[in-house]
Amino acid sequence: MTTALITGSTAGIGAAFARRLAAGGHDLVLVARDTKRLREQATELHDRHGIEAEVLTADLATDTGIEAVAARLGERRSPVDLLINNAGFGNKGRFLDVSMADELTMLKVHCEAVLRLTSAATAAMRERGRGGVVNVASVAAFVPRGTYGASKAWVVQFTQGVAKDLAGSGVRLMALCPGFVRTEFHERAGMGTDNIPNWMWLDADKLVTAALDDLARGKSLSIPDPRYKALMGAAKLVPRGMLGGITSRTGRKYGPR
Ligand SMILES: NC(=O)c1ccc[n+]([C@@H]2O[C@H](COP(=O)([O-])OP(=O)(O)OC[C@H]3O[C@@H](n4cnc5c(N)ncnc54)[C@H](OP(=O)(O)O)[C@@H]3O)[C@@H](O)[C@H]2O)c1
């Protein structure tokens, strides 16, 4: 039996990780801002799968929230074996349409929280000689897509770098790069999704199954869907300047509005 801590566990991809890990018999530490929703989720997963589910209310856009989760990850008496850094969000609008406060909040949640929680978790895991971290990035990491894409590019670079640094320690790290997934993400950001073609949507439960398989195989980067693997392979062949133009045009045509 192991324990997994999932940030952003109450909706979308985080909730799919929680369902999948609970079904596999893992105890959980569930992290998000909405305590009522966390408690309902913990009760449901406990009743359905007989696992222990702790609730940890924390806003990862604040130092206090990050410190509370880091402290839980560092607890030696009830260790966390798997950390899923998943909490995240989108801002609607292009650069200069988004306030500086919102841009900085994104960097706090997507980068600073991921850095500090990965550090707290891996320090404890290295002492025990085992553990895993999945940092949820995005395929937006590979194309020029403003602060969101830049923050997710940081997640990929950081995760793969630390995976190399900790190689041989028993601690595995993997960046997970989904394409469009049907979750609350776009609605929360006030983005319409009508113009995103059906074939581009991924199912959160299938995504999580593929991601955990990739983690078990020891991958440090997971793009779990063949369609997106092909798209990202093609994107590598295009010069960066041209890619920026293409992604901006196709983003306007097919991306969330
Ligand atoms: N959906 C997509 O198309 C897509 C594609 C690629 C990558 N991703 C990435 O996947 C991750 C999960 O996204 P999702 O689509 O599952 O989103 P979602 O359905 O909107 O769920 C977001 C989760 O994060 C929590 N959260 C948000 N801000 C938080 C904060 N400041 N502190 C703590 N928890 C916070 C939310 O709960 P509370 O509101 O209660 O805090 C919720 O549980 C994100 O990192 C996102 O960038 C999503």
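**Helix surroundings and packing**

Modeller: Helix H1 (12-23), strand E2 (27-32) and strand E3 (53-57) are among what covers the buried residues of H2. Contact means C-beta atoms, placed from the backbone, within 7 Å. Helices (H or I, at least four residues) and strands (E, at least two) are DSSP runs, numbered from the N terminus. This is a predicted model: local features need pLDDT of at least 70, side-chain atom pairs need 80 or more, and totals for chains, interfaces and linings use all residues. Residues are numbered from 1 along each chain as its sequence is written.

Colleague: Which residues of H2 are buried?

Modeller: Leu38, Gln41, Ala42 and Leu45. Buried means 20 or more other C-beta atoms within 10 Å of the residue's own, exposed 12 or fewer, partly exposed in between, with C-beta atoms placed from the backbone. Those four cover an arc of only 100° around the axis, so they sit on the same side of H2. The arc is taken from the directions from helix axis to C-beta atoms.

Colleague: And what's on the face turned away from the buried side of H2?

Modeller: Exposed Lys36, Thr43, Asp47 and Arg48.

Colleague: New topic. At what angle do the axes of H3 and H4 cross?

Modeller: Roughly 15°, and the axes of H3 (residues 63-73) and H4 (residues 100-128) come within 8 Å. That makes H3 roughly parallel to H4, a label for angles under 35 degrees. Axes are lines fitted to C-alpha atoms over the stretch in contact, with angles from 0 to 180 degrees between N-to-C directions.

Colleague: Which residues in H3 meet H4?

Modeller: Ile66, Val69, Ala70 and Leu73. Their partners in H4 include Ala113, Arg116 and Leu117.

Conventions:
Two residues are in contact if their C-beta atoms, placed from the backbone, lie within 7 Å. Angles under 35 degrees count as roughly parallel, over 145 as roughly antiparallel, 65 to 115 as roughly perpendicular and the rest as oblique.
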